[in-house]
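This briefing is for a reader new to the structure below.

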Amino acid sequence: MALLEMKIAQEGLPQAKKNTLFEEVFIEWFDQYKNTVKPSTAYTQLNMINKHILPAFKNLCIDKITTAYCQKQANNWFKTYKKYHNEVNP
């Protein structure tokens, strides 16, 4: 069991600081994610996230992101990209 997993098992999930930005959470998540996939997959996902997700979310506080905002972004991406499913699942 990895050190982080043991800490979470013992102490529970850490509580997010108030005003935590999406970008901060993304960086923390990606540092873990990239170790679970092939380097080519991590590279592809990082490019997609940098191109689409971060421009819309990176400066937002996590506690301010609503379902409605997420749906609005998904709708915008759908209008923008004719092959939306290829953009989301390369």
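This is a predicted model: local features need pLDDT of at least 70, side-chain atom pairs count only at pLDDT 80 or more; totals for chains, interfaces and linings use all residues.

Residues are numbered from 1 along each chain as its sequence is written, and side-chain values use heavy atoms, with hydrogens and water left out.

**Aromatic pairs**

- Rings of Phe, Tyr and Trp (its six-membered ring) pair if their centres lie within 6.5 Å; planes under 30 degrees apart are stacked, over 60 edge-to-face, and the rest tilted.
- By this rule there are eight aromatic pairs.
- One of them is the tilted pair of F22 and F57, with 5.4 Å from centre to centre and 40° between the planes.
- F22 lies in helix α2 (residues 22-33) and F57 in helix α3 (residues 39-57), so this pair ties together parts that are 35 residues apart in sequence; helices are DSSP runs (H or I, at least four residues), numbered from the N terminus.
- F22 and F57 are buried, that is, under 20% relative accessible area with a 1.4 Å probe, protein chains only.
- F30 and Y33 also form a tilted pair, at 5.9 Å centre to centre and 45° between the planes.
- Both F30 and Y33 lie in helix α2, three residues apart, or about one turn of the helix, and both are buried.

**Cluster and histidine**

- One aromatic cluster is made up of F22, F57, Y69 and W77.
- H52 is in helix α3 and counts as buried at 8% relative accessibility.
- H52 and W77 are 25 residues apart along the chain, and their C-alpha atoms are separated by 8.1 Å.

Conventions
Helices (H or I, at least four residues) and strands (E, at least two) are DSSP runs, numbered from the N terminus. Buried means under 20% relative accessible area, exposed over 50%, partly exposed in between (1.4 Å probe, protein chains only).
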